[in-house]
Amino acid sequence: MTETSISTKGSNWGYAPSPESADHFKLKDQYGLFIGGKFVPAGSGKRFATINPANEKTLAQIADAGEKDVDKAVKAARIAYEKVWRKMPGRERGKYLYRIARIIQERARELAVVESMDGGKPIRESRDVDIPLAAAHFFYHAGWADKLGYAFPGRSANPIGVAGQIIPWNFPLLMVAWKVAPALACGNTVVLKPAETTPLTALLFAEICQEAGLPDGVFNCITGAGSTGAALVNHPGLDKVAFTGSTDVGKAIQKSLAGRSTKLTLELGGKAANIIFEDAAIDQAVEGIINGIFFNQGHVCCAGSRLLVQESVEQEVVEKLKARMEHLIVGDPLDKNTDIGAINSKAQCERIRDYLKVGQDEGAELFQTKCSVPEKGYWVRPSFFTKVAQSHRIVQEEIFGPVLAIQSFRTLDEALEKANNTPYGLSGGVWTDKGAKIFKVTRGIKAGVIWANTFNKFDPSSPFGGYKESGYGREGGRHGLRPYVELS
Ligand code: NAI
Ligand code: MG
């Protein structure tokens with residue numbers, strides 16, 4: 001019997017609730033579209049509700065943009081591009097980005113709480129990861145704004161024009177930053193569409209742009225569901241489209257841009273292998289497995305959703321993992337003790353539950369922790385499957401939830417073969433104390449990002465992006481500037 005470092009035997013080690021307060025700011029009842037520097041209602045007057053997935057309560061009504069609204073936003077972005085932004089010297093553009101970064105820091109507490117309320121992620125993550133990284137992306141790109149000549153030595157970097165950017169619901173404000181900061185730093189203007197379940201921090205970001213005095217029309221935000229996104233992609237006035245989301249929608253966008261000169265980058269799904277060798281520091285690797293799959297409820301495109309563990313330590317790793325998982329606290333996203341928050345939406349919760357059924361129907365063995373979950377809201381207990389085959393759907397398809405598939409391997413070559421046997425190529429992980437093995441694995445896996453003896457670490461200076469069906473183009477670092485400039 002393996003023991004974890006914390007024993008709960010015979011005593012009550014439960015934590016008292018420690019909720020972050022939400023009374024230091026007030027959300028509006030309704031939010032308009034942000035076009036040309038102003039909040040305006042949708043032309044149709046239509047709205048939709050964004051809810052808190054932890055209690056199913058409505059947080060605010062959001063304007064639902066139609067084709068005409070999209071057209072207005074693209075035109076506002078075009079005017080701002082031609083008249084102001086493209087002509088502004090980089091050092092002046094940089095000042096606005098620095099200002100935005102600082103206001104994000106000033107409003108960090110409000111942004112973190114709203115992020116957790118609107119999307120269900122634990123406050124510890126929004127407070128310590130999402131919001132600080134969003135600010136860091138603006139600081140980083142502010143620094144590039146007047147140094148683009150050094151990013152591409154000997155060439156001159158010119159902006160492309162108007163960028164249409166569509167983002168998902170798993171890291172709402174962070175995805176705003178990943179998309180908007182490089183675009184603006186390089187002199188482009190933006191029409192952004194946030195996801196329909198998590199529009200609030202993008203709208204607060206629009207307020208931040210106003211507060212920073214960003215010239216009207218440089219950043220525009222249109223809210224709505226997939227049809228709003230499609231209207232944006234189909235608008236002929238865009239020079240560039242950037243999309244993060246599902247592989248299916250990515251493929252549809254690629255088709256609708258065929259034959260047009262609009263540039264495209266896609267950041268799509270993943271099914272990363274996290275590979276544990278027998279010589280790894282096992283306790284640390286177990287923490288890495290937990291972080292890899294349960295961070296943000298597993299709603300992470302680069303999640304370590306496939307565990308490949310060397311046969312000689314498989315049993316030990318699985319036992320330790322079970323024991324560690326029983327200590328994960330699932331519940332109120334605003335509680336500072338919570339490890340795993342609410343599933344982002346009812347639809348996503350159903351999708352994950354379907355996969356739990358599919359896995360069992362395919363013959364795999366399901367383990368779920370015994371923790372209790374709240375009655376209202378959308379929840380999935382931390383889960384993993386053993387006895388899985390490479391051909392199983394739970395091994396091949398992205399589940400995007402707190403569900404891990406565990407497989408074993410004997411040799412390094414077998415691990416690589418299994419790791420690469422996937423339509424995706426976004427990320428990977430390797431745990432070993434041998435540097436040579438790390439190099440072999442990182443060279444052998446076809447994926448954009450590979451972590452060694454750690455997982456899910458992000459930095460604005462480090463490029464992120466995929467191969468194969470995980471998309472193309474890079475975000476972050478010098479590589480991430482390239483999709484937003486024309487070189488001459
Ligand atoms: P989705 O791809 O439909 O949503 C992402 C964004 O695309 C949202 O803003 C959405 O409104 C927009 N969108 C939807 N249809 C569109 C269209 N036809 N044209 C333009 N924009 C459109 O993802 P969904 O349905 O919410 O999640 C389904 C699965 O996708 C998840 O289970 C997960 O496997 C994957 N996913 C991957 C993400 C990633 O970061 N790679 C993020 C979100 C979802
Ligand atoms: Mg919501």
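This is a predicted model: local features need pLDDT of at least 70, side-chain atom pairs count only at pLDDT 80 or more; totals for chains, interfaces and linings use all residues.
Figure 1. S345 touches T197 and Y378, leaving aside residues up to four places away in sequence. The loop that holds S345 runs between α11 (311-325) and α12 (346-361). With a relative accessible area of 15%, S345 is buried. Another residue shown in this view is G377, whose C-alpha atom lies 8.7 Å from that of S345, although the two are 32 residues apart in sequence.

Figure 2. I51 belongs to strand β4 (residues 47-52), while T197 sits in the loop between β8 (189-193) and α7 (200-211), so the pair ties together parts that are 146 residues apart in sequence. I51 counts as partly exposed, at 26% relative accessibility. T197 is also partly exposed, at 23%.

**Figure 3. Packing of helix α3 against α7.** Helix α3 covers residues 108-119, and its axis comes within 9 Å of that of α7. The two axes cross at roughly 155 degrees, and the helices are therefore roughly antiparallel to each other. On the α3 side the contact is made by E110, L111, V114, E115 and D118. On the α7 side it is made by L200, T201, L204 and I208. Sorted by type, the residues of this contact are five nonpolar, one polar and three charged.

**Figure 4. The open sheet of β1, β5 and β4.** This sheet has three strands in the order β1-β5-β4, and its pairing is mixed. β1 (30-31) and β4 are the edge strands, each pairing on one side only. β4 and strand β5 (residues 57-63) run antiparallel and are joined by six bridges. N52 stands opposite K57 of β5. Helix α3 packs on the sheet and touches β4 and β5, with a direction at about 100 degrees to that of β4.

**Figure 5. Strand β15 and its two partners, β14 and β16.** Strand β14 (residues 365-368) pairs with β15 in the antiparallel sense over four bridges. In this pairing, F367 has F384 of β15 as its bridge partner. Strand β16 (residues 403-409) runs parallel to β15, and three bridges join them. Here the bridge partner of S383 is V403 of β16. In a regular strand the side chains alternate between the two faces of the sheet. In β15 (residues 383-386), S383 and F385 point one way and F384 and T386 the other way. All four of these residues are buried.

**Figure 6. Two residues with positive phi, N296 and K387.** N296 is not a glycine, yet its phi is positive, at about 55 degrees. This residue is found in the loop between α10 (282-294) and β13 (306-310). N296 counts as buried, at 1% relative accessibility. K387, likewise not a glycine, has a positive phi of about 55 degrees. Its place is in the loop between β15 and α13 (393-396). K387 is exposed, with a relative accessible area of 59%.

Terms used
Residues are numbered from 1 along each chain as its sequence is written. Chains are lettered from A and ligands numbered from 1 in the order in which they are written. Side-chain values use heavy atoms; hydrogens and water are left out. Helices (H or I, at least four residues) and strands (E, at least two) are DSSP runs, numbered from the N terminus. Buried means under 20% relative accessible area, exposed over 50%, partly exposed in between (1.4 Å probe, protein chains only). Two strands pair if DSSP finds at least two bridges between them. Axes are lines fitted to C-alpha atoms, for helices over the stretch in contact, and angles run from 0 to 180 degrees between N-to-C directions. Angles under 35 degrees count as roughly parallel, over 145 as roughly antiparallel, 65 to 115 as roughly perpendicular and the rest as oblique. Contact means heavy atoms within 4.5 Å. Ala, Val, Leu, Ile, Met, Phe, Trp, Tyr, Cys and Pro count as nonpolar, Asp, Glu, Lys and Arg as charged, and the others, Gly among them, as polar.
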